[in-house]
Amino acid sequence: MIHKKSTDAVLVTSYLQGDEIALSLLITRHKQRIYSFIYSKVFDKDVAEDVFQDTFIKVINSLKRGKYNEEGKFLPWVMRIAHNLVIDHFRKNNRMPKFENNSDFNIFSVLSDGSLNAEKAMIKGQVENDVKRLIEELPEDQKEVLKMRIYRDMSFKEISQQTGVSINTALGRMRYALINLRKVIDKHNIVLTN
């Protein structure tokens, strides 16, 4: 019997076994936080609602395709999907959101813009070179995890298996890599967007 106090993991499992109510409970549980996050980036109620709906369509499709590995991280996973859809929204409208320098910001999101003119292509190339140079300054273990995650698009489970460390250690190394990159960026006042 599924009830409101079930963990996210239990609700995800129940949904995958055909219990649609479990998905409804998950959406209800996290709606306010996810919607608020999206709205804080787009500042438009209609757009926020569209992105929110698109987020859960993507969540449902990913769950049904078995693209979610339960590690007790359902909400961060959904937030990452929402963040990527916000970025997609701004790319379609040719304007980038203003991200504060906090855990919501991913410096790598500025590296993959499809429609570039010659000047933007040069700037993008310079940004990529700057980021690569910054990455090389990281401690070896952090650099390894960051490259696997960002450039090889490996899951933390795959990184854990390849490096022989726990998933939590891999997550910790990624976290410290991003923190250290932000420190260097702030220290030198490096601008990674045009």
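# Helix Faces, Ring Pairs and Backbone Angles

Q: Which residue, with a positive phi, follows α7?
A: The phi of the residue in question is near 75 degrees. The residue that follows α7 is Gly-164.

Q: How many helices and how many strands does the protein hold?
A: This is a predicted model, in which local features need pLDDT of at least 70, side-chain atom pairs count only at pLDDT 80 or more, and totals for chains, interfaces and linings use all residues. Residues are numbered from 1 along each chain as its sequence is written, and side-chain values use heavy atoms, with hydrogens and water left out. From the N terminus on, the elements run α-α-α-α-α-α-α-α. With helices (H or I, at least four residues) and strands (E, at least two) taken as DSSP runs numbered from the N terminus, the protein has eight helices and zero strands.

Q: What percentage of the residues in the protein is buried?
A: The protein has 194 residues. Buried means under 20% relative accessible area, exposed over 50%, and partly exposed in between (1.4 Å probe, protein chains only). The buried share of the protein is 38%.

Q: Within what arc do the buried residues of α7 fall, and against which helices do they pack?
A: Helix α7 spans residues 156–163, and its buried residues are Phe-156, Ile-159 and Ser-160. Seen down the axis, by the directions from that axis to the C-beta atoms, these buried residues fall within an arc of 100 degrees, so they line one face of the helix. An α-helix has 3.6 residues a turn, so residues three or four places apart point the same way. The packing partners of the buried residues of α7 are α6 (140–150) and α8 (167–187).

Q: Against which helices do the buried residues of α1 pack?
A: Asp-8, Leu-11, Val-12, Ser-14 and Tyr-15 are the buried residues of α1. Down the axis of α1 they fall within an arc of 165 degrees, so they line one face of the helix. Just after α1, Gly-18 takes a positive phi of about 105 degrees. The buried residues of α1 pack against α2, α3 and α4 (74–92).

Q: Which residues of α1 and α3 make the contact between the two helices?
A: The axes of α1 (residues 8–16) and α3 (residues 45–64) come within 10 Å and cross at roughly 70 degrees, the axes being lines fitted to C-alpha atoms over the stretch in contact, with angles from 0 to 180 degrees between N-to-C directions. That makes α1 roughly perpendicular to α3 (65 to 115 degrees; under 35 is roughly parallel, over 145 roughly antiparallel, and the rest oblique). The contact is made by Val-12, Tyr-15 and Leu-16 of α1 and by Ile-60, Leu-63 and Lys-64 of α3.

Q: What is the angle between the ring planes of Tyr-39 and Phe-43?
A: The structure holds seven aromatic pairs, that is, rings of Phe, Tyr and Trp (its six-membered ring) with centres within 6.5 Å, counted as stacked under 30 degrees, edge-to-face over 60 and tilted for the rest. Tyr-39 and Phe-43 form an edge-to-face pair at 6.4 Å centre to centre, and the angle between their planes is 70 degrees.

Q: What is the centre to centre distance of the pair formed by Tyr-68 and Phe-74?
A: Tyr-68 and Phe-74 are both buried. Their pair is edge-to-face, with 90 degrees between the planes, and the centre to centre distance is 6.0 Å.

Q: Which residues are linked with Tyr-39 into a cluster by ring pairs?
A: Tyr-39 is in helix α2 and is partly exposed, with a relative accessible area of 35%. Not counting residues up to four places away in sequence, Tyr-39 touches Asp-44, Lys-45 and Ala-48. The C-alpha atoms of Tyr-39 and Glu-49, 10 residues apart along the chain, are separated by 8.4 Å. Ring pairs link Tyr-39 into a cluster with Tyr-35, Phe-43, Phe-52 and Phe-56.

Q: What is the phi of Phe-43?
A: Phe-43 lies in the loop between α2 (20–42) and α3 and is exposed, with a relative accessible area of 62%. Most residues other than glycine have a negative phi, and most peptide bonds are trans. Although Phe-43 is not a glycine, its phi is positive, about 50 degrees.

Q: Is Asp-153 buried or exposed, and what is its relative accessible area?
A: Asp-153 is placed in the loop between α6 and α7. Asp-153 is not a glycine, yet it has a positive phi of about 55 degrees. Asp-153 is exposed, with a relative accessible area of 63%.

Key. Contact = heavy atoms within 4.5 Å.
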